[in-house]
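Hi there,

Here is the structure I promised to pass on to you. Have a look at it first, and then read my notes below.

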Amino acid sequence: MGTDLLSQTKPIPIPTQEEDHSSHSRALLSFNTDSPSDPAAKTPPSKPNTTIIFIALILFTCIALQLPLRLLFSFTRLLRPLFQLQLRTFLTSLPNIHRLIANGTEADLGLIPVFPTLTFPNHYSIVTGLYPAYHGVINNRFVDPNTGEVFTMSSHEPKWWLGEPLWETGQSWFKGFYLFLAWNEIPVFMTLYFEDPDHQGHQVGPDDPQITEAVARIDSLIGRLIDGLEKRGVFEDVTIIMVGDHGMVGTCDKKLIFLDDLAPWIKIPADWVQYYTPMLAIRPLPSHAPSDFFAKMNEGLEPGKVENGKYLKVYLKEELPSRLHYAASGRIPPIIGLIEESFKGEQKRTKRQECGGAHGYDNAFFSMRTIFIGHGPQFARGKKVPSFENVQIYNLVTSILKLEGAPNNGSSAFPESVLLLSQ
Ligand SMILES: [Zn+2]
């Protein structure tokens with residue numbers, strides 16, 4: 001499908017600032033329809049039947065799945081169910097998340113993020129069911145080639161956000177973002193966002209004890225949520241979907257690729273580079289044909305020419321593997337580089353500290369996967385489902401709420417494979 005099929009919509013996201021940790025971020029999925037200017041606020045929902053209450057608990061965490069999976073590879077070299085791994089590694093410290101897993105449905109080997117495995121493209125794919133090329137948020141930062149305007153994680157203007165997010169699909173049903181409500185004010189749809197442990201993961205990498213502590217804090221917050229729902233006697237009637245947006249992998253040991261090293265073959269001005277790592281995105285000036293630029297870069301990246309050159313694969317975007325769905329938008333720059341897991345791309349050599357954690361790599365890497373847990377009346381207890389892409393979640397939610405969804409990249413048959421058919 002193309003962007004021309006998408007309706008003109010006006011989502012009101014409140015972006016996070018993933019790579020800017022100087023300010024406390026808010027969630028993309030946090031929204032408040034109490035604003036008088038919002039049409040949803042003009043139609044107060046009636047008291048919902050408990051069987052159709054839906055709470056999407058969106059846990060955008062890098063690590064919750066990542067750590068157990070890393071242990072999986074480090075120690076066992078066997079693909080064992082995550083449930084077993086969590087029993088082994090996290091049961092004592094994550095009793096609440098484990099409770100949701102044990103009594104709900106889980107993607108056994110994780111949820112697959114869309115490419116690039118960055119926060120904003122993935123948040124918006126989860127709520128639209130569209131790949132980034134179709135929902136328009138193709139990166140955390142990019143330049144509109146027509147206007148020269150720059151999209152950043154603070155860009156709220158509707159023109160950037162294509163497609164139809166869930167809160168528009170169900171706008172007559174959904175009422176904003178509440179935490180403390182009387183029973184007769186329980187919303188039908190609600191989202192929560194936790195920034196941890198992404199923040200810590202970028203600083204110290206996914207294997208640091210700080211990450212375990214951050215995940216344990218999330219678990220205790222989920223415990224409070226469950227506790228509140230139980231006190232009101234509605235826990236078993238509420239649907240909780242818990243997802244992460246991406247995984248994370250450690251970056252260290254001088255695994256760096258420098259664009260300036262390619263200067264003997266092609267000089268790459270920094271202002272042509274829209275994003276360095278882990279996905280390289282370059283838009284040469286119109287005077288430089290992308291195909292020539294691409295050919296010269298590849299010449300320099302041939303074996304033995306530049307340090308770590310073999311760990312960067314450069315493509316004309318139309319020639320990227322089709323499984324990445326990353327071509328059908330003018331916003332995507334013509335030259336895209338895929339960097340090997342754990343490596344980073346930079347313009348020039350610096351003495352900057354380079355150990356930490358990163359995501360944004362090819363979504364085929366296992367380290368980029370994250371969690372999916374569904375708990376509630378329409379999710380079987382203790383069920384494991386195969387990994388799936390997060391563009392399927394939109395149809396899952398519209399199916400639970402019996403809403404007619406907008407056209408999207410998910411499969412209409414997918415919800416049947418996950419939800420209880422009798423519901
Ligand atoms: Zn991050």
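To read these notes, you need to know that helices (H or I, at least four residues) and strands (E, at least two) are DSSP runs, numbered from the N terminus. This is a predicted model, in which local features need pLDDT of at least 70, side-chain atom pairs count only at pLDDT 80 or more, and totals for chains, interfaces and linings use all residues. Residues are numbered from 1 along each chain as its sequence is written.

Let's begin with helix α4. After α4 comes glycine 129, which has a positive phi, near 70 degrees. The helix spans residues 119-128 and is mostly covered, with 10 of its 10 residues buried (20 or more other C-beta atoms within 10 Å of a residue's own; exposed means 12 or fewer, partly exposed in between, with C-beta atoms placed from the backbone). Among the buried residues are Phe120, His123 and Tyr124. What do the buried residues of α4 pack against? Their partners are α5 (132-135), α6 (166-169), β6 (239-243) and α10 (393-400), where contact means C-beta atoms, placed from the backbone, within 7 Å.

Now to strand β10 (residues 279-282). Met279 and Ala281 point one way, Leu280 and Ile282 the other, and all are buried. Two strands pair if DSSP finds at least two bridges between them. Strand β9 (residues 273-275) runs antiparallel to β10, joined by 2 bridges, and the two form a hairpin with 3 residues between them. Here tyrosine 275 has alanine 281 as its bridge partner. Strand β12 (residues 335-339) is also antiparallel to β10, with 4 bridges; isoleucine 282 is partnered with isoleucine 335 in β12.

Enjoy exploring!

Methods: Two residues are in contact if their C-beta atoms, placed from the backbone, lie within 7 Å.
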